Amino acid sequence: MFTNIDQHQYQEHHLKVIDISYTSTVTCDNEDQGRGNWSRKLDYIMSCLSYVIGLGSIWRFPYVCFRNGGGAFLIPFITMLFVIGIPLVFLELSFGQFASLGIVSIWKASPIFEGIGWAMFLSSFFKTLYYNMIIAYCIYYLFASFKTTLPWKECGEWSSEACSNVRTDGVKNCTDNGGVFCYDKCFYQNKVSSSTWNNVTNCPVGNLISPSDDYFHKAVLDITNSIYDIGSIIWELALCLLLACVILSFCLAKGIKSSGKVAYFTTIFPSLVLGMLLVRSITLKGSVDGIIYFFKPKWYKLLEAKVWGDAAVQIFFSLSPGTGGLITFSSYNKFKNNCFNNIGYMAAELKQPISEVMQPGAGLAFIVYPDVVTRLPVSQLWSVLFFIMLMTLGIGSQGGMYVLQLFDNYASTFSLLVVGVMESIALSWVYGGDRFLTDIESMLGYKPRYLWVWCWRIIVPVSILSIKYLCKADVEWGPAKTISKNECKDIKCVPKVGRPPTTNHSGTLMDVIHIG
């Protein structure tokens, strides 16, 4: 353990070697006057939590959980949380805080892996492209929520022939009683003529869609038949996208000084709204049956390798290692901050409430949830709250939805797994796990258990590589292939941009960064 004298000497040494590309001075209280630090530790914690309580929890996790066995999916998810998620989060938080550098320049610690920083940058760039569009959709729905009646509550002038105002349970009651549901009505054989009965028996009931579904695809997107037909620009969405960019610019105008304050709202407000929606939704008819159906474990799913693969990928969406965000956040910490304690906060926030939903991505956020909101009293209020919440979690064109879904499914999945493996190898094997623990000791005042080194060296790489081997991607659709190829460009940054070290280095991480 470091004594006070040792810590002071180490800090002085840390100040001498951190002159990379800017003039930086650190005061006796570990404040970085040149680059800046978080105003308060709570700003940093809230920013990390806001990063965790993101669209991955609302947009992706419920559907992935339902598709992979309901309640049984929590077993592989929690397993991957401890096997992959927490070790990588601790690695990135420690790495960023110690070096106090950006995601590219920080890899001077191991120059041959400098391309990892560029891979992180490109992955975040692709994510930003479609996250901004999601925020634009939220703004569009937010404005629509101020109307006297929510426009997606019932079929309107914008609706297609397949739109039906009758709920699914109404269709089921009709068919259970021997009737045929057609043209938004229920027909019984003993109440209509034979010719009418013959016509309705051939009615394509399976093509009926809800008003919320039809509103999103027809009124909002005016979606085309395929991605190959992009269509023209929808100016309402284009203006919403511009407004989304303006809002984000204001949030980031003063760097961490402004984004840290915004994080209080983007963390607390979504949690409150989710809690209120959960409590209110439980009172709806059939909600208990839906929750039981959703969480009922399908134990046989645990024998499928894909379920474990989806759990590993979901960890990267929920905790966001491999994208550079955690390194960036922690790089603005004071040198002596106990980054180890922050992991508990982030892991606890993964236990977010989820309701009975079964559609992925946009189908969940802009079809299922809005449909539920219409069933609540004062639905306009709940709609406003929900879409403001969705905007805080995320802080076009017709074909944009196809592209958005492609990016959501392919642009930041496989590449994040590879980045996770590479950064574990770079710091635990090439730089040295023992030396990295010593660097962490200089910040925490005590040396973490050697178990962390084994996690970084063996458990994390072997787990990820095993999952990727057992879950070989089966991408056959043309546009999906294109996105996958572009995603591989992120990965190719690692060997292409990386450069071999000019000499053999020894010493601490900051020594290596300074010399490199």
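Buried here means under 20% relative accessible area, exposed means over 50%, and partly exposed is anything in between (1.4 Å probe, protein chains only). With that in hand, the buried residues of H9 are Leu-237, Cys-240, Ala-244, Leu-248 and Cys-251. Helices are DSSP runs (H or I, at least four residues), numbered from the N terminus.

This is a predicted model, so local features need pLDDT of at least 70 and side-chain atom pairs count only at pLDDT 80 or more, while totals for chains, interfaces and linings use all residues. Residues are numbered from 1 along each chain as its sequence is written, and side-chain values use heavy atoms, with hydrogens and water left out.

**Helix H9**
- H9 covers residues 235-251, 17 residues in all, and spans 24 Å from first C-alpha to last, close to the expected 24 Å at 1.5 Å a residue (the expected span is 1.5 Å times one less than the number of residues).
- Looking down the axis of H9, its buried residues fall within an arc of 80 degrees, so they line one face of the helix; the arc is taken from the directions from the helix axis to the C-beta atoms.
- Trp-235, Leu-239, Leu-242 and Phe-250 sit exposed on the other side of H9.
- The buried residues of H9 pack against H5, helix H8 (211-220) and helix H10 (256-282), where contact means heavy atoms within 4.5 Å.

**The largest nonpolar core**
- A nonpolar core is a set of buried Ala, Val, Leu, Ile, Met, Phe, Trp, Tyr and Cys residues joined through side-chain atoms within 4.5 Å.
- The largest one has 115 residues, and Trp-107, Tyr-141, Phe-366 and Leu-390 touch the most other members.
- Helix H5 (residues 115-144) supplies the largest share of this core, with 17 residues.
- Setting aside neighbours within four places in sequence, Tyr-141 contacts Trp-152, Tyr-215, Phe-216, Val-220, Phe-366, Pro-370 and Phe-387.

**Cysteines**
- Searching the whole structure turns up one disulfide, defined as a pair of cysteine sulfur atoms within 2.5 Å.
- That disulfide links Cys-155 and Cys-163, with S to S at 1.9 Å.
- The Cys-155 and Cys-163 link is left-handed, at -90 degrees about the S-S bond.
- Cys-155 is partly exposed at 23% relative accessible area, whereas Cys-163 is buried at 10%.
- Elsewhere, Cys-245 is partly exposed at 32%, and Cys-455 is buried at 10%.

**Ser-424**
- Ser-424 belongs to helix H18 (residues 414-444) and counts as buried because its relative accessibility is 0%.
- Not counting residues up to four places away in sequence, Ser-424 touches Leu-88, Leu-91, Trp-429, Trp-456, Val-460 and Pro-461.

How values were computed. Helices (H or I, at least four residues) and strands (E, at least two) are DSSP runs, numbered from the N terminus.
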